[in-house]
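Reader: I'd like to learn how to read a folded chain, one feature at a time. Could you walk me through it?

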Amino acid sequence: MHRMKTSVVSRRRMRFVVFLSLSGLIMIFICVAMRYESQRMSQELPLRFVIHQRNHTPPPPPKRFVTFAPFNGRQGLANQIFKFVGLFYVAAKTDREVVVFEDHNAQTLEKCFDLIVRRINRTCPCFLFREKNISYDARIEREMRSEQASSSQTILLDGLFQSWYYLRPVERLIRTHMKFRRDVEMSAKEFLRKAIPSGWKEDGLTRVGIHNRRGDFVGRDALEFGFTTAPKSYFERAMKHFADRFRSVQFIVVSTDGRWSREHITFDSTSSSSSVNVTYSPTHSSAVDLAILSFCDHVIASTGTYGWMAGWLANGTTVYYPDYPRNGSFLRSKINPSDYFPPTWIPLR
């Protein structure tokens, strides 16, 4: 009996020893395999890494540009800004750089803003896109996907591009470029500083810029073409809109027709409990006047692109006169109001 127990114990010990031996062999095999794999990987990884690094950054594509088609440099400041916006819209669509050719007459823009774009020699071959509508032209989406637009040709834009739609996808970028020259900025801010009403404090003061477009918009030919001007009743309603919402309001009136403005853009103090001041800006350069309006908290725009651009630059609440262009006119056939006026602006008649 004792001998049988001894034999059973011996067999169990042998099995345990065999198990340990096999386990040890397996562990040794795993370690050797891991070491081999580690050596192999250490030899191969650097090569793979170098290949990856070489392929990670492809060679830069040849420079592709977008710029203005030749245009009359006497075009107004706001019209030129809209053209500038069109360039950045197309640049974003086609992965191009916005440039200005050396022979371009862009002095009106350059006298107003510190443009962060390069001037280069004329670079062709060129692909010309000519706008059919003055506001948004839907053809641009198709044309910018064409074979010509995908090539290395320089794109030339011919048109006015007067639509908030072009601004929407590049708005932040455009605002970085729409930085007034220091002399323009200083002149505008100095005027506003001196214009603070006596006894008022700048802190708590709400400034509302008013642009009154008349000049070349007045007359039979202008009316037949589609230009309109805002009447006295519009300015009264627009001013009351702001006077009802703020306690201390200063209206800054900018216009090339100072006489009409002084006679018709006034405020009846009995119609509001707010403190209201109306200040008429003397004639400055178009750049300084635009800066004055843009430094206001809000804007009342009349008609035309100048007041439109002032409202956009100010980036506050903008009230506008919606009867522009005149219904049934040639200009109205080229401008879709829903594409022209931003949907967040407030129409008043």
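Author: Helices (H or I, at least four residues) and strands (E, at least two) are DSSP runs, numbered from the N terminus. This is a predicted model, where local features need pLDDT of at least 70, side-chain atom pairs count only at pLDDT 80 or more, and totals for chains, interfaces and linings use all residues. Residues are numbered from 1 along each chain as its sequence is written, and side-chain values use heavy atoms, with hydrogens and water left out.

Reader: Fine. How many residues of α12 are buried?

Author: Eight of the nine residues of α12 (286–294) are buried, which makes α12 mostly covered. Those buried are Ala-287, Val-288, Asp-289, Leu-290, Ala-291, Ile-292, Leu-293 and Ser-294.

Reader: And what do the buried residues of α12 pack against?

Author: Packing is read from contacts, meaning heavy atoms within 4.5 Å. The partners of the buried α12 residues are α2, α8 (182–194), β6, β7, β9 (298–301) and α13.

Reader: How do I read empty space in a model?

Author: Rolling a probe the size of a water molecule over the atoms shows where empty space is left. The search uses a 1 Å grid over the protein atoms alone: a cavity is a set of points where a 1.4 Å probe fits but cannot get out, while a pocket is an open set with protein on both sides within 12 Å along at least five of seven lines. Lining residues have an atom within 4 Å of a point. Grid points are joined across faces, edges and corners, and a volume is the space filled by probe spheres set on the points.

Reader: How much space lies in the largest pocket?

Author: About 580 Å³. Of its 30 lining residues, Gly-76, Arg-213, Asp-216, Thr-305 and Tyr-306 are the closest to the centre. At least two lining residues come from each of α2, β6 (206–212), β7 (248–255), α12 and α13 (305–314). The top contributor is α2, with three residues.

Reader: How many cavities of 30 Å³ or more does the search find?

Author: Two, across the whole structure. The largest cavity has a volume of about 60 Å³, and its lining includes Gly-307, Trp-308, Tyr-324 and Trp-345. Tyr-324 turns up again in the backbone: a cis peptide bond joins Tyr-324 and Pro-325, with omega about -10°. Pro-325 sits in the loop between β10 (318–320) and α14 (330–334).

Reader: Which other residues does a cis peptide bond join?

Author: Cys-124 and Pro-125, with omega about 20°. Pro-125 is in the loop between β3 (118–120) and β4 (126–130).

Reader: Which backbone oxygen lies 2.7 Å from a polar atom of the Arg-96 side chain?

Author: That of Gln-153. Leaving out residues up to four places away in sequence, Arg-96 also touches Arg-64, Phe-65 and Ile-155, among others.

Reader: Is Asp-95 buried or exposed?

Author: Exposed, at 63% relative accessible area. Asp-95 has a positive phi, near 55°, and is not a glycine. Phe-161 has a positive phi of about 55° too, but Phe-161 is buried, at 1%.

Reader: Last one: what does the side chain of Tyr-89 make a polar contact with?

Author: A polar contact is a pair of N or O atoms within 3.5 Å; within protein, one must be able to donate a hydrogen and the other to accept it, and residues adjacent in sequence count only if both atoms are side-chain atoms. For Tyr-89, the partner is the side chain of Glu-141, at 2.4 Å. Tyr-89 lies in helix α2 and counts as buried, at 3% relative accessibility.

Terms used: Buried < 20%, exposed > 50% of the residue type's maximum accessible area, 1.4 Å probe, protein only.
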